[in-house]
Amino acid sequence: MTDKPILDDTSRAPVSQRGYVIEKSGMDDAIGGKVTINIDGKDIKIPLGTTILEAARSLGIRIPTLCYHEDLCVAGVCRICVVEVEGQRTLQAACGYPVTAPITVKTHTRRVRQARRHILDLMLSKHYGECYACFRNNNCELQTLAKEYGVDFFRFGHPEKPLYAVDRSSPSVIRDMNKCILCRRCVRTCIDLQEVGVLEGHGRGADVEIQTFMNKPLGEVICINCGQCINRCPTGALRANDPTDEVWAAIDNPDKHVVIQTAPSPRAAIGENFGLEPGTALTFELNTALRRCGFDRVFDTNFSADLTIIEEGTELLLRLYKALVEKDASIALPQFTSCSPGWVKFLEHFYPEYVPNLSSAKSPQQMFGALIKTYYAELNKIDPKDIVTVALMPCSAKKFECNRPEMCDSGYKDVDYGLTTRELAQMISETGIFLPDMPRSDFDDPFGTATGSGVIFGATGGVMEAALRSVYELVSGERIENIFEHADIIPVRGFQGVKYVELTLDKIGPVPDLLKPLVPNWDWLKGATVKLGVAHGTANAKRVMDDIKAGGKFSECHFIEFMACPGGCLGGGGQPIPTSPSIREARAKAIYAEDSVYEIRKSHENPAVLKVYNEFLREGPCGHKSHKLLHTSYIERGKYIS
Amino acid sequence: MLVTEQDRLRDDILAWGDAGGGSREALIPLLQRVQQKYGEISDFAMQVIADVLSIHPVEVQSVISFYHFLDLSARGKFIIRLCRTISCDIAGKDRLARQLENDLGISFGETTNDGMFTLEWANCIGMCDQGPAMLINEKVFTRVTPELVHNVLQACRASFGNIGLEGKEEL
């Protein structure tokens, strides 16, 4: 403990209103370092500044919460966590009570129980809807608490009619304010965690409502569709736009050839919907289940992730060549990844002047869609108009992406429907299949099983790691294992918000056949230091972008990976609810474990990808045909709306 | 040079924002100045303000919606707020309310068709010892009588803005 209190500089509140951080002392026995408090008769020694809630949890005492969320700052608005602190006149919110003195706390006295029941009754008096007609049935924090506290009638009434119209304007996120309990998790997610700023409470007192800017429909504001609010909503007020009815209709239609591609992140998380611990990958069980659901072919999005690496990596090398050798000043560097549609829309809105920096390569989902309706259709002699492509994604923004008007390069809508992990789990449970019990089966040809590089796209730093593995080997002609053991590029892994790495290319090799038409040699890269950045969560992306604008170290980078969601795709807005740092860590572990067992772990060694370049995209990466099918352009949207 | 309303609004906000240090603490003073000069804080103004202070437009709107003295759309040129709290109630605010409604031909919460007057209730404005009290824009009127109401409204009608109310407390 220092004498001077330290101002909390992580808070966005005005300086005058910021709290003080109480430094937690490392020395247990130092005076003032720790304090002993008593909760429900149990003593616990905790560092000063620990909240009652944290202390109770470490004792294994359950205090109910609604507005509290591990990823978000403390709000203390729902009051469900009230406890009795001896000597205090009123009940105190456990989540927002930092302990500074030895206190005695009671967590379930009559007064506390009654207060909590009243709070629930009041919430229910404005909560319209029936649980069995709600997608959060059995996974709803309000419902759980109502059961826990024995709510068997509505003391303060219950709305008979909806109070608000449901906002279905966005292709990704549906807002049903009838179910909102004003916990403001979505507000804190949108403003503090993601720094997008779409939702905020309006009005005062009993009239407060969560609204968008000028109460416009979600489809017309600057929402980036990341869906993080969905993952943190305690009730069913926010959900993804669910196309399962259309997908079932396509499956049931014998004239349609329904193809599904599955991304790596849903496979590492879908087990959670079937009661498994986070971090259990069910990739091959899922293949069987999907076939039994009636999908005609099951493909691995990792195939097109590998393709993305080739296209995006080649684009990067070409940009560097043009900028460094041909001295073309119009080339935009650093190049930004474009796999995350939430991030793409974030950039289009907030940094439209940097749209040229985005890689023109489509995301893996869209590349696959375009190939299925061209290459695959030709190969199997199926009319592309009879093919329905479905994408299983951990993402709500992918629903927006597949509906972008730019994404019809195959002549048809490249990807017809985007399904989230939750929606697919729902479809599977409709068929009576218990996913973990399924026998394992492989992906269908011609795209086959992909490489480990594709798998790690799901975690933050994954695209960078995959790109590094391939670009290094293509340029140096050496194996990446020579510099990184087992090809694990540890420096770009992990959940650190912003990462920066440098890689010096000491050796150069011959130009591989694939890239021969594009560059004469690698001499210009000899001894060059490639500077790379990784950011996940749009708040971190904003940090990096502001640094680039100010001419900081990231403006000298050559390639930066951005992902809109905290943790990368594995923390996406379409993943099973709930989410927390430990859940995301478990999913990341599953993804990296899957990568390490693959025989082929580098995108440019994927035989299916090389086959596509030999048979279909004959002009090679970034050639004419691949530009037509696999690349796209973006819109400078700006953040002003009228 | 042609200057559009939006350009002028933007220049004003940029100048005022800089004067306030450009941080979020400057939000309310900035909103008050925009309100004072333009009579409303438009969608566009909110977005410029958010830009200047590096916050989100939705946060600006949230603050405006919290305060009754900040408006999202233009109301009457003269906003009349009659205190309805206990002291003023006992001192006879009901008679004034009737006088105001009769004189203006509108009820509380409404604006006259010519856009001159908006009539509203206010909670305690701290003039309990001199009730009944009312506010017209930023000017306080105390010990108000129905005659004074009538005269003040006449003075307002004959003027172009706040200036018409200068020295009119004794009407």
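**A sheet in chain A and its setting**

Modeller: In chain A, four strands make up an open sheet of mixed pairing, in the order β14-β19-β18-β17. Strands, like helices, are DSSP runs numbered from the N terminus (E, at least two residues, for strands; H or I, at least four, for helices), and two strands pair if DSSP finds at least two bridges between them.

The model is predicted: local features need pLDDT of at least 70 and side-chain atom pairs pLDDT 80 or more, whereas totals for chains, interfaces and linings use all residues. Residues are numbered from 1 along each chain as its sequence is written, chains are lettered from A and ligands numbered from 1 in the order written, and side-chain values use heavy atoms, leaving out hydrogens and water.

Helix α15 (residues 462–476) of chain A lies across β17, β18 and β19 (559–563) of chain A, at about 150 degrees to β19(A). Such angles run from 0 to 180 degrees between N-to-C directions, with axes fitted to C-alpha atoms, for helices over the stretch in contact (heavy atoms within 4.5 Å).

Elsewhere in chain A, A:Glu353 and A:Lys549 form a salt bridge, with their closest N and O atoms 3.3 Å apart (the rule asks for a side-chain nitrogen of Lys or Arg within 4 Å of a carboxyl oxygen of Asp or Glu). A:Glu353 is in the loop between α10 (341–350) and α11 (364–380) of chain A, and A:Lys549 is in helix α16 (residues 538–549) of chain A, so the pair ties together parts 196 residues apart in sequence. Over all chains, the count is 51 salt bridges.

The contact between the chains takes 21 residues from chain A and 18 residues from chain B. About 1,900 Å² is buried between chain A and chain B, with 53% from carbon and sulfur atoms (accessible area, 1.4 Å probe, lost on putting the two parts together and summed over both). A:Arg204, A:Phe213 and A:Tyr640 supply 35% of the area that chain A buries against chain B, more than any other three residues. One salt bridge is counted between chain A and chain B: the side chains of A:Lys639 and B:Asp51 meet at 2.5 Å, N to O.
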